[in-house]
Amino acid sequence: MRNEKGRSGRPYRRARAALKAKRLPCHICGQAIDYTLPPTDPRCFVLDHVQSMKYGGDPLDPRNHAAAHRICNGRKGTKAVSDVVIIPRSRDW
């Protein structure tokens, strides 16, 4: 049976594309996201699940999706955004 509630497949790719089209800033650090960066760049766009799937967040629910930088999302991990400490980049000081 196919995994209907995961981060793979057409529904997830559509959700990611819809969020990317909105060109929102990172919901974790508040900085703008360069949507032209390659997916391996730490400052590129990724879809973040506001409530981690580990704690019951729905991977396909648009209310659980937010735009984030890859590096910010990695620092957040499975924590809530309010528990993340964001250290400004040197050029922001």
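Buried, in these notes, means under 20% relative accessible area, exposed means over 50%, and partly exposed is anything in between, with a 1.4 Å probe and protein chains only.

**Ground rules**

I'm working from a predicted model, where local features need pLDDT of at least 70, side-chain atom pairs count only at pLDDT 80 or more, and totals for chains, interfaces and linings use all residues. Residues are numbered from 1 along each chain as its sequence is written, and side-chain values use heavy atoms, with hydrogens and water left out.

**Entry 1: layout**

I started with the overall fold. I get two helices and two strands, in the order α-β-β-α along the sequence. For the record, helices (H or I, at least four residues) and strands (E, at least two) are DSSP runs, numbered from the N terminus. The protein has 93 residues, and 32% of them count as buried. I also checked contacts, meaning heavy atoms within 4.5 Å. Of those with a separation of 6 or more, 58% are between residues 24 or more positions apart.

**Entry 2: the strands**

Next I looked at how β1 and β2 go together. They pair in the antiparallel sense over five bridges; two strands count as paired if DSSP finds at least two bridges between them. Going through partners, I noted Phe45 with His69 in β2 and Leu47 with Ala67 in β2.

How many residues of β1 are buried? Five of the five, so β1 is largely enclosed by the rest of the structure. On one side of β1 sit Phe45, Leu47 and His49, on the other Val46 and Asp48, and all are buried. β2 is mostly covered too, with five of its five residues buried.

Background reminder: in soluble globular proteins, nonpolar side chains tend to be buried together.

Skipping its neighbours within four places in sequence, Ile33 contacts Leu24, Pro25, Cys26, Arg43, Cys44, Phe45, Ala67, Ala68 and His69.

**Entry 3: cysteines**

A disulfide is a covalent bond between the sulfur atoms of two cysteines. The cut-off used here is a pair of cysteine sulfur atoms within 2.5 Å. How many disulfides turn up in the whole structure? The search finds zero.

Cys26 is buried at 2% relative accessible area, while Cys29 is partly exposed at 22%.

**Entry 4: loops**

Arg23, in the loop between α1 and β1, has a phi near 55 degrees, a positive value in a residue other than glycine.

Asn64 lies in the loop between β1 and β2 and counts as buried at 7% relative accessibility. A polar atom of its side chain is 2.7 Å from the backbone nitrogen of Gln51, and one is 3.1 Å from the backbone oxygen of Asp58. Leaving out neighbours within four places in sequence, I listed Asn64 contacts to Asp48, His49, Val50, Gln51, Gly57 and Asp58.

**Entry 5: charges**

Last stop, salt bridges, defined as a side-chain nitrogen of Lys or Arg within 4 Å of a carboxyl oxygen of Asp or Glu. I found two in the whole structure.

One is Asp48 with Lys76, the closest N and O atoms being 3.3 Å apart. That pair links distant parts of the chain, 28 residues apart, with Asp48 in strand β1 and Lys76 in helix α2 (residues 70-76). Both Asp48 and Lys76 are buried.

Another joins the side chains of Asp61 and Arg63 at 2.9 Å, N to O. Here Asp61 is buried at 17% relative accessible area, whereas Arg63 is exposed at 72%.

Conventions
Polar contact = N/O pair within 3.5 Å; in protein donor to acceptor, adjacent residues only side chain to side chain.
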